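Let's take a walk through this structure together, one part at a time. Have the viewer open and follow along.

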Amino acid sequence: MKKIEAIIRMTQFEKVKAALKEVGIDFFSYWDATGVGNEITKEERSYRGTVYDTEYIPRRVLNIVVRDINLQKTVDCLLKNAFTGEVGDGKIFVWNIDDSYRIRTGERGDSSLYIDPNR
Amino acid sequence: MKKKIIYILLGAFCLLVVPAVSWMGSSAIAAETKVRTEDPGGVTTGNITDVTAAKAGEPTLTELGNQVGHNKVAINIIWTLITGFLVFFMQAGFAMVETGLTRAKNASHTMAMNLFVYGLGVFGFWMCGFAIMFGGVGALGTLGGFDGLNQEVSINLFGHAFGLFGTKGFFLSGVYDVGVFTLFLFQVVFMDTAATIPTGAMSERWKFLSFTIYGVVVGAIIYPIFGNWVWGGGWLSQLGSNFHLGHGHVDFAGSSVVHMTGGVIALVGAWILGPRIGKYNKDRSVNAIPGHNIPMAVIGAIILAFGWFGFNPGSTLAGCDLRISVVAVNTLIASIMGAMASTFWMWIFRSKKPDPTMMVNGLLAGLVAITAPCAFVNVQAAGFIGLVSGILAVEGAFFVERKLRVDDPVGAVAVHGFNGAWGCLALGLFADGTYGDGWNGVTGTVKGLFYGDASQFAAEFIGVLTNFIVIGAISYIVFKLIGLGVGNRVSAKTEMQGLDIPEMGVEGYAGIKMDKNSETPLSR
């Protein structure tokens, strides 16, 4: 079992979500994060004559836990759909997961991550 | 089944018996007292039988005259009261502008200041402010002629009486007259407008206890003293009859009495408090601390513009004085010229963007600047006054923020202080002589420098200078004393956390997560 932590642009999220669903990955969590990085932010905020820059880099972090057999297709899908070509497209990290449980049934391991497509 | 029968019988009763009985009853009653036909067009309603007379329908000339006079005063009183209610509504406008232009973590505190200043200031004004300001104003001409407000303390200088303050009417005692009460309501909401201006400039770091003391003092002492000098029959209004300076310091609806007073107190207070943490950097650069709710600020500005239609036209204290139409249009035109001027000035010359907060400031600046001259100038002059006021608001805000280095979150000093002064000086320039015969006891209409009376400008200048010096000095002393007593500024820890919880206990936006980055200043 592996956890894929993908930090992607806000603008690419809907595209990534739809593409993941298409390859059968439709179970994950995500949250918004602010980061520091390489993207050159050029903001034009001004307030009562004072121009200022928030230096925000807003991104969305996806947290996808998959069985080993689905790891490569998920990563490929993410790489393809979160791509824009500009500096600041984001990163994908892969973690090893020691164990996983489904709370409702108490299943453990791979079967807790398996979602029957004919449910 | 039983239930159904009961319901059917009940329904039959209601449908048949009740209307029948009421028809019989009404025609029985009507048959006894009906003397008039229905009047849907309002043509016959209101006729000679409504004139109060010993013999209904046949009034004597005296009775007819009494009714006419009564109605005239009634129109004036109704007008003054209703416009007074509109001016009260400006409290909501100020509250929204100030809270919208400051940070969310202080929203509860800023709103509470604007609400509570109503209570505190009105109490101070009721307690002694009204007596000080109007205790010696004399007969209330348009509101029924009561002349019991006749105790003014004066000193004699250069052979003339210098009225300083009144001493009649503490807690409105001894003046239980409909005219006086009308005047009181109208004037107390004007005091409230002046009192709420400094809360904007001093927000986000002002201790609520210090503000509370200020709230009573401003309504009880600071505002009424200068107010007496201009509107209460005091020495500034008598510069005309005493020293032949025009009609004395003329201020129709309060550019100096209300707005410049508020602006000067705001300047002194904000200066004494010091800037918000993070506003200025060591290298003299300025940080932006953006307001958290621009929609609220804009709606507040519109509410203020609406309330100003009570502020200016109401100051005739007479619905029968038809100059109110000119006053209202002058107010309108000056406000829009102010809004346009400030917006285009920002767009073209300053930040290259049409800043909505400066739009708000420009609209209000136009209104402030026309407040003194609105009854005395023609509409083209009103437009010009508004145009200058919009630019003055923007440049004034920059001057205060960058040159004086006084942190004014909402631009109150530029909008109310600078434009209050401009409004009075503009009256001294543009008053065109079509109104104001007998103002402040001087015969002839009010004329400004461009219409042949340079002394009017001199009187206005003296009034403006007096306001700056005297209100500045009094508010400095008051704030210093309050500071010695309870302290004026909150601690740095409280200020960074946000005043809502430490000072008020109640969060402005409980349950809403705020962006922590918006609470510290952002700079280039």
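How many residues does the contact take from chain A and from chain B? It takes 9 residues from chain A and 16 residues from chain B, where two residues are in contact if their C-beta atoms, placed from the backbone, lie within 7 Å. Before going further, a word on the model: it is predicted, so local features need pLDDT of at least 70, side-chain atom pairs count only at pLDDT 80 or more, and totals for chains, interfaces and linings use all residues. Residues are numbered from 1 along each chain as its sequence is written, while chains are lettered from A and ligands numbered from 1 in the order in which they are written.

On the side of chain A that touches chain B, the elements giving two or more residues are β3 (45-47) and β4 (50-52) of chain A; helices (H or I, at least four residues) and strands (E, at least two) are DSSP runs, numbered from the N terminus. The largest share, 3 residues, comes from β4(A).

Now turn to the sheet of chain A. Here 4 strands form an open sheet in the order β2-β5-β1-β6, with antiparallel pairing; two strands pair if DSSP finds at least two bridges between them. At the edges stand β2 (29-34) and β6 of chain A, each with a single partner strand, so one side of each has no neighbour in the sheet. From one strand to the next, the twist averages 20 degrees.

Look next at β1 (residues 2-9) of chain A, which is joined to β5 (residues 58-66) of chain A by 8 bridges. β1(A) also pairs with β6 (residues 90-96) of chain A, over 7 bridges. A:A6 shows both pairings: its bridge partner in β5(A) is A:L62, and in β6(A) it stands opposite A:I92. A:E5, in turn, stands opposite A:F93 in β6(A). Helix α2 (residues 71-81) of chain A packs on the sheet, touching β1, β5 and β6 of chain A, and its direction makes about 5 degrees with that of β1(A) (axes are lines fitted to C-alpha atoms, for helices over the stretch in contact, and angles run from 0 to 180 degrees between N-to-C directions).
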